[in-house]
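Me: I have a new structure to read. Can you take me through its features one by one?

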Amino acid sequence: MSVTHILNADLHCHSIVSDGTLTPEALAQRAKANGVDVWALTDHDEIGGQARALEAARAVGLRYLTGTEISVTFAGITVHIVGLGMDTTHPALVQGLHATRGGREQRARAMSDDLARVGIPGVYEGALKYVDNPELISRTHFARYLVEAGICRDTNEVFRKYINDGKPGFVPHRWATLGDAVGWIIQSGGMAVIAHPGRYKLSTNEEYALFTEFKAHGGQGVEVVTGAHGVADYVKYAEYCKEFGLAASRGSDFHSPEESHTDLGKLPDLPGSVTPVWELLESRIQ
Ligand code: AMP
Ligand code: MN
Ligand code: MN
Ligand code: MN
């Protein structure tokens, strides 16, 4: 195992530019305080926080990789593809993400209409109170409002009862295709990484298809150690790294001190058998 293998890299988290509750600056400070060596801010379908994150990382002495987490529709469900180390001014990336964000406003209004029909009015307006970036209204903002309104005890309960697939406030949405998302990341000089694969409700065959197609599009990494994975997932996806020839990533998926159970940088090391994505991204680290 190389020396850099055990770097404290946290390459997945969210700021107020998407559905996190902290600013890029506060995240940089928190990452530094928690002992992170290499950090990436990966807002959903957004790179609007990247310049602030890089500047804040420099100010506290953190090494930085640019990042985003793209929403993709695959086999009828939503999967997330993390991009790392892109040139965030590249037109393919900028335009692709802009288009991916485009449907969120209409989806949010439809979700609110559906919730009004089951007796919960005013959710769109309520959710907006939690939104900092008008282009990025997310289900997380709905969840925060429904907790505030006393409808549920915590955001997890909101997802379970109201806004997960099959629940009254869920509105199906067509996100980017897998090929487009991976393509935007690669064209802009970055590395595409399958985010938290252990979270998806895919059959074994569908999961195999996801990894096979991702690889065929030029994807190079998969999150092995993330806040959403347990020990069995670490073992399983370390095996997938070998089987599919992928590098391994590590990221907390931190959103908020109040809501996230995994804090920035507070994750186990990657298994010794895998190649860390940051070793392949050395030249992209700023
Ligand atoms: P959206 O992109 O608007 O569909 O929102 C997806 C976001 O919802 C994810 O990135 C998570 O931050 C959040 N989320 C999904 N499931 C849950 C859950 N069970 N509890 C809390 N947050 C969740
Ligand atoms: Mn999120
Ligand atoms: Mn995700
Ligand atoms: Mn995430």
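**Metal sites and fold**

Reply: Begin with two metals: the manganese ion (ligand 2) and the manganese ion (ligand 3) are 5.6 Å apart. This is a predicted model, where local features need pLDDT of at least 70, side-chain atom pairs count only at pLDDT 80 or more, and totals for chains, interfaces and linings use all residues. Residues are numbered from 1 along each chain as its sequence is written, chains are lettered from A and ligands numbered from 1 in the order in which they are written, and side-chain values use heavy atoms, with hydrogens and water left out.

Me: Which residues coordinate the manganese ion (ligand 2)?

Reply: First, the general idea: donors are N, O and S atoms within 2.8 Å of the metal (3.2 Å for Na, K and Ca), and water is not among the atoms, so sites may look incomplete. Here Asp19 (OD), His44 (NE2) and His255 (NE2) coordinate the manganese ion (ligand 2), at 2.2 Å. Asp19 and His255 link distant parts of the chain, 236 residues apart. Asp19 sits in the loop between strand S1 (9-10) and helix H1 (24-33). His255 sits in the loop between strand S8 (247-251) and helix H11 (277-280). Along the chain, the donor spacing is D-x24-H-x210-H.

Me: How are helices and strands assigned?

Reply: They are DSSP runs, numbered from the N terminus: helices are H or I with at least four residues, strands are E with at least two. This protein has 11 helices and 8 strands.

Me: Are Asp19 and His255 buried or exposed?

Reply: Buried means under 20% relative accessible area, exposed over 50%, partly exposed in between (1.4 Å probe, protein chains only). Asp19 and His255 are both buried.

Me: Which residues hold the manganese ion (ligand 3)?

Reply: Its donors are Glu69 (OE), His80 (ND1) and His196 (NE2), at 2.1 to 2.2 Å. Glu69 and His196 again link distant parts of the chain, 127 residues apart. Glu69 is in strand S4 (residues 67-74), and His196 is in the loop between strand S6 (191-194) and H9. Both residues are buried. The donors are spaced E-x10-H-x115-H.

Me: And which residues coordinate the manganese ion (ligand 4)?

Reply: The manganese ion (ligand 4) has His12 (NE2), His14 (NE2), Glu69 (OE) and Asp253 (OD) as donors, at 2.1 to 2.2 Å. Their spacing in sequence is H-x1-H-x54-E-x183-D. The manganese ion (ligand 4) lies 4.5 Å from the manganese ion (ligand 2).

Me: Why do His12 and His14 count as buried?

Reply: His12 counts as buried because its relative accessibility is 0%. His14 is buried because its relative accessible area is 0%.

Me: What is Glu206 in contact with?

Reply: Contact means heavy atoms within 4.5 Å. Leaving aside neighbours within four places in sequence, Glu206 is in contact with Phe74, Ala75 and Lys201. Glu206 and Phe74 are 132 residues apart in sequence, and their C-alpha atoms are 9.0 Å apart. Glu206 itself is in helix H9 (residues 204-216). Glu206 counts as partly exposed because its relative accessibility is 31%.

Me: Why does the radius of gyration of the protein agree with a compact globule?

Reply: The radius is taken over C-alpha atoms, and the globule rule is 2.2 Å times the number of residues to the power 0.38. For 286 residues, a compact globule would have a radius near 19 Å; the protein has 18 Å, so the two agree. The C-alpha trace spans about 55 × 45 × 40 Å along its principal axes. Of the 286 residues, 55% are buried. Among contacts with a separation of 6 or more, 72% join residues 24 or more positions apart.
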